[in-house]
Amino acid sequence: MATMRHFVGVVVFCSAIVLASCSATDAGQSPGSNVTSTTSAVPAPAPTDAAGLAALLRRGISSVSSAHLTLNVSAGSKVIKGEGDAKLADGTLQALGISEELGSTGTLRLVVADGATYALLPPTLNPSGNYWVLVIPNSSNPAVRTLATVIESFRSSASFDNFTAFTSAARRVTLVGNESLDGAPVTHYSIDVDVAKLPNTIPGRQALLGAGVTTLPTELYVDGDGRPVKLTQDLTLQGQRFSTVITLSKFNAPVSISAPPADQIGPS
């Protein structure tokens, strides 16, 4: 059976890839989940290979300042639903604020700000009290220690180099065609990633390999400005089906992310 560590690894892996790649020059339209075929063309010719796809994203990466993220990941009876905002500079994650619904486990809130990560754990993971904790690798709480490992990998990899590695490791990149996402034209790509070819620094890589996943099938939707607006993945991990849907929207909208007040932070 897949462990929660594998589960979280997949979520962070997907999130890092998408956050690393978002770029825009103005506010983006919020994407929806209803994708239909269309004859509408994107403003520029769509690339047809991994190098071209990376170049398309590279052209706008320096102008990104923020993005809104939603995710929905399921594995058997386990479901994670999350939503939050990220601040970026030159494609690198600067700050993150996100809440995740972990099914019967409860709600997990994470804040990355000023070089530190804070978590407000659900009572099932922090029975000693309802307060924020500093996420550190030597925490006395095993859940916090796991988060520290995953988040550090996420933070160190959330840059454009991460997406370059992702596309470079692709066994196959297929231009599916032009479609409509919530009424806006997008280009749909189907990508098969060779997990073993990804750098060791990519978050979730070891968890996936440890679970026997060698190929990561990914459907990516890119708008006319080269912005990834939706990513979906569907794979079987140790006998369980994993389904992931991540959307990005509200590019470069004003975002305020700060550390929790000192009087709300308890022992880790």
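How do strand β5 and β6 pair, and over how many bridges? Strand β5 (residues 107–113) and β6 pair in the antiparallel sense, over five bridges. Two strands count as paired if DSSP finds at least two bridges between them.

## The model

This is a predicted model: local features need pLDDT of at least 70, side-chain atom pairs count only at pLDDT 80 or more, and totals for chains, interfaces and linings use all residues. Residues are numbered from 1 along each chain as its sequence is written, and side-chain values use heavy atoms, with hydrogens and water left out.

The chain has five helices and 13 strands. Helices (H or I, at least four residues) and strands (E, at least two) are DSSP runs, numbered from the N terminus. Of the 268 residues, 53% are buried. Buried means under 20% relative accessible area, exposed over 50%, and partly exposed in between (1.4 Å probe, protein chains only).

Strand β6 covers residues 116–120, and five of its five residues are buried. A116, Y118 and L120 point one way. T117 and A119 point the other way. In a regular strand the side chains alternate between the two faces of the sheet.

β5 and β6 form a hairpin with two residues between them. D114, in the turn, has a positive phi of about 55 degrees. R109 has L120 in β6 as its bridge partner. β6 also runs antiparallel to strand β7 (residues 132–134), joined by three bridges. Here Y118 has L134 in β7 as its bridge partner.

## The cores

A nonpolar core is a set of buried Ala, Val, Leu, Ile, Met, Phe, Trp, Tyr and Cys residues joined through side-chain atoms within 4.5 Å. The largest has 31 residues. L71, L108, L110, A119, L121 and L147 have the most contacts inside it. Elements that each supply at least two residues of this core include β2 (66–75), β5, α3 and β12 (240–249).

Another core lies apart from it, with 23 residues, among them L53, A170, V193 and F242. In soluble globular proteins, nonpolar side chains tend to be buried together.

L147 touches L108, L110, A119, L121 and V135, not counting residues up to four places away in sequence. Contact means heavy atoms within 4.5 Å.

## An exposed serine

S140 is found in the loop between β7 and α3 (142–157). S140 counts as exposed because its relative accessibility is 63%. S140 and S268 are 128 residues apart in sequence, yet 6.4 Å apart in space, C-alpha to C-alpha. Not counting residues up to four places away in sequence, S140 touches R145 and S268.
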